[in-house]
Amino acid sequence: MKRLVKIICTLLGIIAITSCNDLDLNYNPVQPVTAPSPLRLPAIQANLAYSLYSQARFASFHSYYLTTRTGNSNAQTDTWNYNNITRMGAWRWHYFDVSANIASKDGILIRAEQDGDNNYTGVGKILLAFSFLTATDVFGDMPFSEAFTDIMNPVYDSQETVYQGVERLLDEGINELRNVNPTARSMNASSDLIYAGDYNKWISFAEAVRARLKLHTASFTANGYTDLLASVNTALAGFEDAMFRYPEESSSLWEKNLWGETRPNPEWQFADIRNDLANTLPTDVLMNALTVDEATNTFDPRLYKLTTPGANNKYLGAQMSVGLHSSNTNLPSGTTYQDFANLYNGYWTADNSPYPYMIKEELYFMKAEALFYLERYGEALIAYQQGIEHNCQRLGVEPGLITNFMGSAKVVQSAENLKISDIMMQKWLALYLQAETWVDMRRYGYGTHAYPDLYYPRFALAEWGGRYIQRFIYDPQTEYVYNPKEIARLGAGARDWAFKEVWWAEKSTLKNP
Amino acid sequence: MKKALQLLFASLFTFHVALAQEVTVKGRVSSAEDGSSIAGASIRIEGTGAGTSSGANGQYEIRASKGQVLVFSFVGMVSTTRTVGDESVINVVLESDGQSLDEVVVTALGIERNRKNLTYSVQTVSGDDLRAANQGNIINALQGQVAGAQISSAGGSPGLPTEIILRGSTTLSGDNQPLMIVDGIRVNNSSSNFTVNRVADINPEDIEDISILKGAAAAALYGIDAASGAIIITTKKGKQGVIQVNGSYKSFMETMGRLPRQQAIYTTGTGGTYDESSGSSWGRKFRYDETIYNNVERFFQTALTHDVNLNINGGSENLQYYMSGGYRNAGSMVPNTFQDKLSFMMKGTAKLSSKLSMTASANYVQNNIQEGLGGASAGGWINNILRFPLKYDILRYEYPNGEPWYAYLEPEDDGRNARISPMWGVMRNPRNNNVDRFTVNGFLEYNPLEWLRLSYRLGQDFTASKYRTIITPRTPGDFFDGRVAEVNSNSKYITSTFNATINKKLHEDLGFTLLLGANSDYFEARGINYTGEGLLIPDIFSPNVVDRTGLTFGESLSRRQRYAVYGDLSVSYKDIVTLAMTGRNDWTSTLSPQHRKYFSPSYSGSLAFSELFEDNDLWYGKLRVSYAKVGKDAPIYKTNTNLRQVATVGAGFVVDPTTGGNQDLRPERTSEFEVGTELSFFKRRLNIDLTYYNRESIDMILTTRVPPPAGYIFKTFNSGSLRNKGVEASVNVIPFRNEKFLWSTTLNAWKNTSKMLQFVGDIEVFPYTNVQLNAGKAGTRLHEHVLGIIGTDYKRTEEGYVIVGTDGYPIVDDTEKTIGNREPEFNLGWLNRFNYKAFSLSFMWDFRFGGDILNASRQGMMSTGIAYDIGEWRDKEFVFNGVVAQEDGSYVKNEKQVVLDYSYFANNYYQVGTNFVEKVNWARIRYITLGYSLPDFIAQKVRVKRLGLELSAQNPLIFTNYSGGDPEVNSAGPNAGGTGASSMGVDNGAIPLPRAFSLGLNISL
């Protein structure tokens, strides 16, 4: 028996030795676990453009640029009902596609620090700050302090805390860029698709982000507008448009602006927020804003840059949420979608359009708004006109037409006539399809004192009780599953959660004239 | 090894016919039960055409050569063999075909155990019963034959997978299916890319029998792989004797089974008005002059399947061989869908010396499947057919020159956004899965001492798979310029097992068996894939003609290694008491070093209590008790996070969303208590096997979507624990038997209930991400059924009355709750076998009671206005049965009449999950097979030994209260995308099971 056990043990030993595979093979030999920062930054920037789009995809309806063709058809955009969605893409694009690639333990910050590439740390932090700012502006309270810590039910920090965090990240980012390590890997046009490694431009961008942040809270913060003005001026000094650019020609769905006519959906997760401009119409609010003289069919020259002519070369505007629905009363009978402008292939809506992070016009209009509330109307008027003119130039309006338009009744000519609605409507046009205008609209409580043509959408569900939409819901597929306690604490499980104002909207003093 | 194999196969082609003198053998055939004579028993000389049958008092006489083997058989009895020797009288006692107590059962690691000494429940299914079901996929053929096995196919198309779950689901994601073992080696049963589960490659004709190890104790020797049970398939092997040749040909005619219904009243439009541009059927009523096409029926077709098989077996005392070849060309009721399968198997056993024997086998399978229906990872196969407006003819999809015929095209559209019949996709954009599979298996057994057996087995299951999807240019949608995508992968499972078995009688009445062994199990899958978008030459689907910028390539490589040592000790006293203990220690590569070691023990015992009584020749009774703890390791590569390359401008790398690494993963633990009894009465004409089990799965490993703030999209983590408990009963009765007629019947009944015991963190309800539909989701809620349905209901009073609003419409309650349990309340499989002279008839009834279906097919049809109920109810006036709340808090009956208009369906009915949950019962015949052996004189005329005919029907009849198509649904299949949970009971555009009829011919030479 003893001998037997010995024999068996020997045999077992032989087998163990001959079966030569090591057990340490649970790593994928054909995929990396880390990569140097220059190989990470471009994708973060590309994802940030996607992320901003994912917010704008719905915000551009909520801010009355667009409405669906059939009317009463899209639950989110026509009825403002987010209760039946499966996923909230914008949540993922901010947290995962942008921020996890920066701040998680697999993100650029850790590798950049290990390698001493603090220029990437700086740009990374600024992008992270910007992404958090845009995300909290559509979501409100959200995980910040416990984000990227492996905790699956992180605390939702208040928006105020997130705002503080954003400013801190901006400070840290600026600080890194002011003290770039001489041995840091270079940052150039192939690793930085926004500013080709120009740190000063990044610093100005960071200041612009700070200005945006301050604008949101200015009305209820002591010296808010003074501080804002200072920030805007700092930013304007060295600011250049932060744009994510797509190639002129590309057959890849990954290399197209998501508003483009190809309707790219490079990732399947993206399907539910894919653009549907073919089945979308410009609203009457938009067309009003772009009409100089209805009688003579004179339009703001930017109309022809923002859109392309429809089949019938007509420029009707559809009622919000109604579209061509049979209950639309202010469209001539027999109207078809061909009587509207074609939304594709405008300046911002072509496959190769740049995707804006932030454009200079925004700074001009922020400046105008600050000056307006500081009662420096003359300077406000100048900033306002600079914003319009800059926008016309950007869109490629011919100089003669710009001069004409700048002198038209659409543009306020004297400081005493300048109303806040003039500034806000022109900002709205300049930031066509950007989610930031939804922030403005909510700061002003969708009030007609700022947006004279607004009205309540006919097909918004009766149960909203006439309230305007205020935010996106959190991702139903993950947040409501893993973090029910935080969701309950916030009350985010309520059907009308999307109608609860975010912090700065609640505090805003601008909602009433 | 290789040389030995060559030698073996070379020798297979040499016939070993011993030339010996002929003798006359006489004897009597009698029944073991009562000793009575058996008249009409067949006595054949194995491997020859010669044979006779017993006379009135069981007497027979036959001339045979010494060394030849006589096969004695009779209906309802277990066949037995005797080798002709010097004696001239051979009396034979035949055992009845009920569960014979001396039956040898194959258990874990291929260990053969006498059923008497089994200490846990093992159910076996014979190859013949399996083949009677006439299913190409052997998992489908097990339906109803195994108590406790929940089997559901993902749809009635040859390339779709079938899921088998033993004793309830043990995990909320990934594979719930048992380990698949063929002849001692682990084989591939994956269904990657939503193709057929790979065990379906196995030719049913090659199967001798299947043992189902349902519980943890039975499977405990598989340790970290045993949590979901194991299916042990044994293939046929050569038998000593003269060469035998068997051939069969079967032809099947397949037609559509049960279909969902549609309305044929309203045409396209939205909100009640006609709109040509709309794909919805919410328009006006059809005019009398408009043609209405019954598209669902027009879509499906009748198809033919041919199945040919040939096998040869025989051998001498020292060398036996089995060879088989099969070819199946299967059509499908789904157009442009077929299967072409070729299989070839060789197996030989050689006795190299008195102490050493060797078995080697090689099995090659080529299985090429083309599927017309694309579907998605969550199913949805026929949704686009179910929703296609009836004003268009589904069969009209192209011009005679092959260009697409768009049903609706907007003026400026080049076809990109056009509407086209789904038939275009079916005919032009099929997906193909071509598999070449090669399994080799070598087994060496050495018996140095009478009580000691050493064995070593080395086997590899190699699968080369090519999966291709194409999109023909000008197909509306995302890939208007065409697309071709292909995944080529080679996967292999290498199993190497050494066992030492000591079998000793310590005392006359005391038996002792000890097994010690070691095992290595290696898996590797290596793949290259490409996607090409934009075909420059529209009719060649190859990366060679794809615009270079539209090409992406990728490589995958996954590996896993497990090592184990194990022991199995069992002691039995007089076949009355058996005590057994097993232990296995695993080391797996898929967990971090600190967690990779895992020990699985089992303790079990049985008591044959009838032996304590004196009249134990009339009945038999045994009690079994067992407890075991087994496990499950993590999926491959879940401990690290990877980066992946992106195609965005500027390229570079991002965190791969599918690989949230987790260094802290621990193995999943399953512990199970099982108690059972085996009872036999009436001299074994009534056999009952009852089992109760209680299984708890702890630290369940889940790979799923996690909150993005954690930094991942998908992550694998230990997520909680759940429990399954249930009862299984298997009753075998022979109600009637005489010389000519036999009726044997088996009932398999089972019930499983599950409960989610604990979730990690704050999770209270976990919806499965792969089966989320608008109003209802498959999901699990804490403290409730594991296979639940989560969704909304109407607001109700405490008494359960629906609360109707003052507007007359019921009020939707938005709180999501559990609104269904997809697990059947009770299952019953009833197999009947009749034999009368040369006829045999078998049929399987399958009953299911309860178990909810989430009818997302109907929900989809409802949203597009084409559902049958829309036709019945739309624009009708209706008073909802419910109560209206009064200001004082009381309720009065609702009497307000309202119109069921579009807005009601879209904003009310459609939002309520309970409207799409149906509690389903069914009674169905899985198969009926009628066989007839032609009389010998006819067989001899065509110079064959035996000629049999078979008529069979599969799924011919179903009674059910389900409103949709076939209620056997599992939309996403076993393991959608590797991250999905069981989607059993979710009907999301499921292809209903076909109804098939077959005619078969069997020949023995």
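Predicted model: local features only at pLDDT ≥ 70, side-chain atom pairs only at ≥ 80, totals over all residues.
Me: How do you know that the size of chain B agrees with a compact globule?

Reply: The radius of gyration is taken over C-alpha atoms, and the globule rule is 2.2 Å times the number of residues to the power 0.38. For 1005 residues a compact globule would have a value near 30 Å, and chain B has 30 Å, so the two agree. Along the principal axes, the C-alpha atoms of chain B fill a box of roughly 95 × 65 × 60 Å.

Me: What makes chain A as compact as a globular protein of its length?

Reply: Chain A has 19 helices and six strands. Its radius of gyration is 26 Å, close to the 24 Å that the globule rule gives for 513 residues, and therefore chain A counts as being as compact as a globular protein of that length. The C-alpha trace of chain A spans about 110 × 55 × 50 Å along its principal axes.

Me: Why is B:D689 called buried, and where is B:D689 found?

Reply: A residue is buried if 20 or more other C-beta atoms, placed from the backbone, lie within 10 Å of its own, exposed if 12 or fewer do, and partly exposed in between. B:D689 has 22 other C-beta atoms within 10 Å and is therefore buried; this residue is found in strand β37 (residues 686-698) of chain B. Of the 1005 residues of chain B, 53% count as buried, and of the 513 residues of chain A, 55% do.

Me: Which residues does B:D689 contact, leaving aside its neighbours within four places in sequence?

Reply: Two residues are in contact if their C-beta atoms, placed from the backbone, lie within 7 Å, and on that basis B:D689 is in contact with B:G676, B:E678, B:A729 and B:S730. Across chain B, among contacts between residues at least 6 apart in sequence, 69% join residues at least 24 apart.

Me: What makes the phi values of A:F148 and B:N336 worth a remark?

Reply: Most residues other than glycine have a negative phi. A:F148 has a phi near 60°, a positive value in a residue other than glycine, and B:N336 likewise has a positive phi near 60°. A:F148 lies in the loop between α6 (118-139) and α7 (159-178) of chain A, and with 23 other C-beta atoms within 10 Å it is buried. B:N336 is found in the loop between β21 (319-331) and β22 (338-351) of chain B, and its 17 C-beta neighbours inside 10 Å make it partly exposed.

Me: Why are β3 and β6 of chain B called edge strands?

Reply: Two strands pair if DSSP finds at least two bridges between them. The open sheet of four strands has the order β3-β2-β5-β6 (chain B), with antiparallel pairing. β3 (51-53) and β6 (80-83) of chain B each have a single partner strand, so one side of each is left without a neighbour in the sheet. Inside the sheet, four bridges join β2 (residues 42-45) to β5 (residues 69-73) of chain B, and B:I43 stands opposite B:F72 in β5(B).

Me: What makes the 235 residues in chain A and elsewhere a nonpolar core?

Reply: A nonpolar core is a set of buried Ala, Val, Leu, Ile, Met, Phe, Trp, Tyr and Cys residues joined through C-beta atoms within 7 Å. The largest such core has 235 residues, and among those with the most contacts inside it are A:I126, A:V209 and A:Y384. Helix α2 (residues 41-62) of chain A gives the most to this core, with 13 residues.

Conventions. Residues numbered from 1 in each chain as written. Chains lettered and ligands numbered in written order. Helix = DSSP H or I, 4+ residues; strand = E, 2+ residues; numbered from the N terminus.
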